[in-house]
Amino acid sequence: VTLKKDELERYAAEVEDPATRDVTQWEIDEYIEDY
Amino acid sequence: MTVDLAELRQELQDRGIDVLRLIYPDVLGITRSKDLLVSQLERAAAHGPAFCQGVWVTNTRGGVLDGHGSISDGLPDLVSRLDATTIRTVPWEPGLAYVIADAFEPNGDPSPIAPRSVLARVLDRYEALGLVPVTGPELEFYIAHRPGDTWTRVLNKTGRVYTTGSMVDPDGVFLEMLRMIDRLEIGAFAGNHEFSPSQYEINLWHSDALDAADRTFLFKTGVKDIAAAQGLLATFMGKPWNDEGGSGFHLHFSVTDEDDVNRMHTDDGELSDIALAMIAGIIEHSAALSALTNPTINAFKRLGPDTLAPYRANWGYDNRSAVRARASNCASATVLQIRTSSRLPFSLRHSTASSATSPRHRPRQGGRTRTSPHPCSRCRSRKRSTHLPPTPNWRTFSGRPSSARS
């Protein structure tokens, strides 16, 4: 929960429209190499 | 399990292994590791090696958060212990072998957080029920290259689902990967190009849950390693591209009794009470399960109509649009298929275990999936199924940005 809360907070703070269904550059930077 | 490290060192050296890569998944599923020199194995692995428990609360950007084992706790040791039964020679790196480690607290207790420890606790609960969970993992992934600053798909031609060969693997990368994974001896048996360009799948045989989870972890670690060695990226990210489909982790799930008899069906071919209870449990807890089966913000973006990913709490026979549980009723081969958007395999098993403890619950089948009628009169309701959460719950988690915290 700690990790997920941090992830959601960073996403909400850094993505202009957090509710978008489009894949954002933030997600690419966050996930594509580690997942 | 106690292992004679001197004997193990000699055995590895006889096989030409000089480095043992000790690996374990963190909470996010990321492979954490340390390369042990086999020549030093008795000392290096006698009481560890030790890591820092901060690994459990380290995010992908390197931030160490405030949680179990973090700075507030003094960053205590995470003590690893290799499981010699998991050793696999790494065929693409001569002299190297993987070994999976369990994680322990400094006082010797199993880690309450380590995914493998969590699964062990769940298996204890199954054992108390006289059941053995069996799972068959099926993972999709993309192979990407980086001609510039960003990772992109190698291929862009659509319509080549269920194909193999040079048209969908012009450089032979996937074929070589399949051969390497075979030689890793983790129960791989087939592979193909998937629905979207540069998307592939390799199938693994089913086995008991711990072994299947270990093999899944070795598979993901190996595939990413093989790709990286060639300057490529294998990504299991739920939905890496806007213009193409996401990658799923389909979990084929059943239970046997202690005599290895499939308990998912009755003698006359109906789904058993255990199977129905499992389906009911999954449906009942499907909203909460979404947080585990979609472990990233991105994973939720794969969910929706016509994505072959579940977005309603529903189930059906052999229906790829059904949510959470797909039942295939074929005598001893009866399994549920849980279609998830991404992966957090150990926690998923924890949740399904709880479903097996609720035999009074019965699932209702219905909604828009238009599945075949259930043969059991108890389950013929066409009550519309509910939507699963389309995103993480912002109200629950919203708060100040992490940068504003002390």
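**Labels and their grounds**

Reply: In this predicted model, chain A and chain B bury about 3,300 Å² between them, and carbon and sulfur atoms give 60% of that area. On the side of chain A, the residues that lose the most area to chain B are A:L3, A:R21 and A:Y35, which together make up 26% of what that side buries.

Me: How do you know which residues of chain A and chain B are in contact, and how many are there?

Reply: Contact requires heavy atoms within 4.5 Å, and with that criterion 28 residues of chain A are in contact with 41 residues of chain B.

Me: What makes the pair B:R146 and A:E33 a salt bridge?

Reply: The side chains of B:R146 and A:E33 meet at 3.6 Å, N to O, and since the cut-off asks for a side-chain nitrogen of Lys or Arg within 4 Å of a carboxyl oxygen of Asp or Glu, the pair therefore qualifies. Across the interface of chain A and chain B the rule finds three salt bridges, and it also finds 21 residue pairs in polar contact, with both residues at pLDDT 80 or more. Of the side of chain A that touches chain B, the largest share, eleven residues, comes from α1(A); by class, that side has twelve nonpolar, three polar and 13 charged residues.

Me: Why is B:R153 called buried?

Reply: The relative accessibility of B:R153 is 8%, and buried means under 20%, so B:R153 counts as buried. This residue lies in strand β8 of chain B, which spans residues 152-153.

Me: What is the largest nonpolar core made of, and which residues have the most contacts inside it?

Reply: The largest nonpolar core has 34 residues, and those with the most contacts inside it are B:F141, B:I143, B:M177, B:I181, B:F219 and B:V223. The largest share of this core, six residues, comes from α5(B). Leaving aside neighbours within four places in sequence, B:M177 is in contact with B:F141, B:I143, B:V223, B:I226 and B:A227.

Conventions:
Residues are numbered from 1 along each chain as its sequence is written. Chains are lettered from A and ligands numbered from 1 in the order in which they are written. This is a predicted model: local features need pLDDT of at least 70, side-chain atom pairs count only at pLDDT 80 or more; totals for chains, interfaces and linings use all residues. Side-chain values use heavy atoms; hydrogens and water are left out. Helices (H or I, at least four residues) and strands (E, at least two) are DSSP runs, numbered from the N terminus. Buried means under 20% relative accessible area, exposed over 50%, partly exposed in between (1.4 Å probe, protein chains only). Buried area is the accessible area (1.4 Å probe) that two parts lose on being put together, summed over both. A polar contact is a pair of N or O atoms within 3.5 Å; within protein, one must be able to donate a hydrogen and the other to accept it, and residues adjacent in sequence count only if both atoms are side-chain atoms. Ala, Val, Leu, Ile, Met, Phe, Trp, Tyr, Cys and Pro count as nonpolar, Asp, Glu, Lys and Arg as charged, and the others, Gly among them, as polar. A nonpolar core is a set of buried Ala, Val, Leu, Ile, Met, Phe, Trp, Tyr and Cys residues joined through side-chain atoms within 4.5 Å.
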